[in-house]
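This report covers aromatic rings and nonpolar cores. Please have the sequence and the model at hand.

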Amino acid sequence: QVQVVESGGGLVQAGGSLRLSCTVSGLTFDEYYMGWFRQAPGNEREGVSCIMWNGMRTYYVPSVRGRFTISRDNAKNTLYLQMNSLKAEDTARYYCAVLAVQSCSGSWEHSNNYWGQGTQVTVSS
């Protein structure tokens, strides 16, 4: 029984910060690459960030580079997304996913095995 649970979303003013968390159970967490996705109403799901199983390699979609930081604490089975300098265009529901890849290069965003219910991020301008 794999469970993926996101938390930390909310309403924030443009320029502000949020930290999202994702706790995973039911699998060996440190064997898997992890990713963050987001989806706004009427838009396609977008891969935001990817992290290697041990945290040594990461990927960010260009629109968030320099503003977001993905990290993980394998001892706590937890994935994080620190979001700074938030913009209205970041408004979306954010999802955590357990990935079926061995690299953050290529089409990692199409290889997710499990994902959570999401957490809403709304940025007011």
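Does Phe37 count as buried or exposed? Phe37 counts as buried, at 1% relative accessibility. The model is a predicted one.

**Aromatic pairs**

A pair of aromatic rings is described by the distance of the centres and the angle of the planes. The count here comes to 2 aromatic pairs. The rings of Phe37 and Trp108 make a tilted pair, because their planes stand at 50° with the centres 5.3 Å apart. Phe37 belongs to strand β4 (residues 34–39), and Trp108 to the loop between β9 (92–99) and β10 (112–115), so this pair ties together parts 71 residues apart in sequence.

Trp108 is buried as well, with a relative accessible area of 2%. Its ring also pairs with that of Tyr59. Here the planes are at 65°, so the pair is edge-to-face; the centres lie 6.0 Å apart. Tyr59 lies in strand β6 (residues 58–60), while Trp108 is in the loop between β9 and β10, so the parts tied together are 49 residues apart in sequence. Tyr59 is partly exposed, with a relative accessible area of 26%. Through these ring pairs, Phe37, Tyr59 and Trp108 are linked into a cluster.

| Pair | Centre distance | Plane angle | Type |
|---|---|---|---|
| Phe37 and Trp108 | 5.3 Å | 50° | tilted |
| Tyr59 and Trp108 | 6.0 Å | 65° | edge-to-face |

**Charges over rings**

The charged end of Arg45 sits over the Phe37 ring, 4.4 Å from its centre. Elsewhere, the charged end of Arg72 sits over the ring of Phe29, 4.4 Å from its centre.

**Nonpolar cores**

Which residues have the most contacts inside the largest nonpolar core? They are Met34, Trp36, Leu79, Met83 and Tyr94, in a core of 28 residues. Two or more residues come from each of β3 (18–25), β4, β5 (46–51), β7 (68–73), β8 (78–83), β9 and β11 (119–124).

Tyr94 shows how these parts meet. Leaving aside neighbours within four places in sequence, Tyr94 is in contact with residues including Leu20, Trp36, Phe37, Val48, Phe68, Leu81, Met83 and Val121. Among its other contacts are Glu6, Arg38, Gly118 and Thr119.

A second, separate core has 10 residues, among them Cys50, Tyr95, Ala97 and Trp108.

Methods. Residues numbered from 1 in each chain as written. Predicted model: local features only at pLDDT ≥ 70, side-chain atom pairs only at ≥ 80, totals over all residues. Heavy atoms only, no water. Phe/Tyr/Trp six-rings, centres within 6.5 Å; stacked < 30°, edge-to-face > 60°. Helix = DSSP H or I, 4+ residues; strand = E, 2+ residues; numbered from the N terminus. Buried < 20%, exposed > 50% of the residue type's maximum accessible area, 1.4 Å probe, protein only. Lys NZ or Arg CZ within 6 Å of the ring centre and 35° of its normal. Core = buried A, V, L, I, M, F, W, Y, C linked by side-chain atoms within 4.5 Å. Contact = heavy atoms within 4.5 Å.
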